[in-house]
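The following note sets out numbered points for a colleague to read beside the model. Please keep the sequence and the structure in view.

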Amino acid sequence: MAVPRRVVVVGAGPAGLTAARALTTAGAGVTVLERDAAPGGRSGVDELRVGDEVWRFDRGAEFVASFYKATRYLARQVGLGRNDLVRLPVDSRVVIDGQRYELPATVRALMRTPLLSTRSKRHLMTLGTRLATHAPDWRRLDAAADLDDTDAAAYFTDTVGRDYAERILPVTMDALMLSPAARTSRVLGMAQFAAAPGATLHCPRGGIATLWDAVAGALDVRYDTTVVAVRPDGDGVRVETADGDTLAADAVLIAGPPALAAALLPDKHPDRELAEDARSSPAVALHLALADAAPLRRPTAPAGPGRHPLAGVEPLELRGTGQVPDGRGGLTVCAAPHLGAELLDEPDRAVRTMLLAEAERLLGEPLGDILGWSVVRHAEGVPLFTVGWLRRLRARAAALPGRTDEDARIQPIGDWLGSPSLEGAVRTALRASALLLRR
């Protein structure tokens, strides 16, 4: 098919909206079916209202990095220029045994931090020099599949030092990415280490959901619509919804976490086993609307040996994106993945009590007057790129062009097939759209 006449996209998150926009621009008729009442999926907005005031908390992803080239281009395409993107502060703190330290975010800071030994700093310089010319590409991690042979915790312990693996890596991977270093391929740690120095982070005014509102606004998106089946039907595909509606399409893209793909892909589809084998970190966060500014001036995360209950806490008003009413404070308290797994099925009030207590314990002081709160939970918060996953993605990429027409008409897309980031979701959507247009 040169340009499919009718495409159905299941899911209005970053991958689904990106694909729908690309295919619509190419001339296809595209309908997006979204089970929620608003776009964005795990990258949407959690609005907390207290009287006439509104706090806008990000439900998942919070920024667009300077090396997210496809995502930044998408933002420009929908009219979000430089003046619409706020540069975010990158200075953070780590708490180790009750002591606060600056998190080193640059090469110079790494060389000066008291968190690392002189020996580890020398090893870091050696690794940095090596990665300067042979760094994995954060945008195409599967291209580095030959390096996918051990986890990040083991690699950085052996290559740099235990102090780096226990004091820096937990913040950059376990906290920032919700990808525990001991369960994540070293390729992700290497790619992040290579990309982070000199990188800048941006967010649209009003939060990251502003981007998805802008993309969805020009598309045919049907909200509050749950898809229950996707079936090959002659030369096309039949899509069935929970409301009893049936849509006929030339092709279907399933945009969402692996569980959605595993539920909707036909039994013999070549991606079905991949979706069933995929693993994710749960994400559970407490959003707090505060009467006054939060009692911390930068994001703070625990570090040091052992497991910690929190991934970290972040004061929302310091972002400068207008997500918090003037004079107020906003705080996100994010559970570490292991605690998040325990809290997924707990009542909201129990989650609030536990995360609030852990935040005050981490900060060593009360949070002040709380005007309102909400709990956000994602059973599949962030895809885990365990050791061996990138080799499977590389094999899949090599097999895609040769698939039968029946298999090619139904494709999953999402961050779990690219990289655990907005950029990964956007790029898998663009690749799948290009493949449909070439067939």
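Which residues does Arg396 touch, not counting residues up to four places away in sequence? The first point after the remarks on the model takes this up.

1. Basis of the note. This is a predicted model, in which local features need pLDDT of at least 70 and side-chain atom pairs count only at pLDDT 80 or more, while totals for chains, interfaces and linings use all residues. Residues are numbered from 1 along each chain as its sequence is written, and side-chain values use heavy atoms, with hydrogens and water left out.

2. Arg396. Beyond the residues up to four places away in sequence, Arg396 touches Asp271, Leu274, Arg403, Gln411, Pro412 and Leu417; contact means heavy atoms within 4.5 Å. Arg396 is found in helix 14 (residues 389-399). Helices (H or I, at least four residues) and strands (E, at least two) are DSSP runs, numbered from the N terminus. Arg396 counts as buried, at 14% relative accessibility. Buried means under 20% relative accessible area, exposed over 50%, and partly exposed in between (1.4 Å probe, protein chains only).

3. Ala301. This residue lies in strand 16 (residues 300-302) and is buried, with a relative accessible area of 6%. Apart from neighbours within four places in sequence, Ala301 is in contact with Arg93, Val94, Val95, Val171, Ala175, Ala311 and Gly312. Gln411, one of the residues that Arg396 touches, is 110 residues from Ala301 along the chain, and the C-alpha atoms of Ala301 and Gln411 are separated by 38 Å.

4. The structure holds 26 salt bridges, a salt bridge being a side-chain nitrogen of Lys or Arg within 4 Å of a carboxyl oxygen of Asp or Glu. In one of them, the side chains of Asp250 and Arg5 meet at 3.7 Å, N to O. The two residues are 245 residues apart: Asp250 is in the loop between strand 13 (246-249) and strand 14 (251-255), and Arg5 is in the segment before strand 1 (6-10). Asp250 is buried at 15% relative accessible area, whereas Arg5 is exposed at 68%. Arg100 also forms a salt bridge, with Glu365, and the closest N and O atoms of that pair are 3.8 Å apart. Arg100 belongs to strand 8 (residues 99-102) and Glu365 to the loop between helix 13 (348-363) and strand 19 (370-384), so the pair ties together parts that are 265 residues apart in sequence. Arg100 is partly exposed, at 36% relative accessible area, and Glu365 is partly exposed at 30%.

5. A salt bridge network. Salt bridges link Asp91, Arg93, Glu102 and Arg298 in a network. Arg93 is also among the contacts of Ala301.

6. Helix 16. How far apart are the closest N and O atoms of Arg427 and Glu423? They are 2.8 Å apart, and the two residues form a salt bridge. Both lie in helix 16 (residues 422-438), four residues apart, about one turn of the helix. An α-helix has 3.6 residues a turn, so residues three or four places apart point the same way. Arg427 is partly exposed, with a relative accessible area of 21%, while Glu423 is buried at 0%. Other buried residues of helix 16 include Leu422, Val426, Leu435 and Leu436. Helix 16 has 17 residues and reaches 25 Å from its first C-alpha to its last, close to the 24 Å expected; the expected span is 1.5 Å times one less than the number of residues.

7. Positive phi values. Most residues other than glycine have a negative phi. Asp97 has a positive phi, near 50°; this residue lies in the loop between strand 7 (93-96) and strand 8 and is exposed, at 73% relative accessibility. Asp224 also has a positive phi, of about 55°, although it is not a glycine. Asp224 is placed in the loop between strand 10 (221-222) and strand 11 (227-233) and counts as exposed at 52% relative accessibility.
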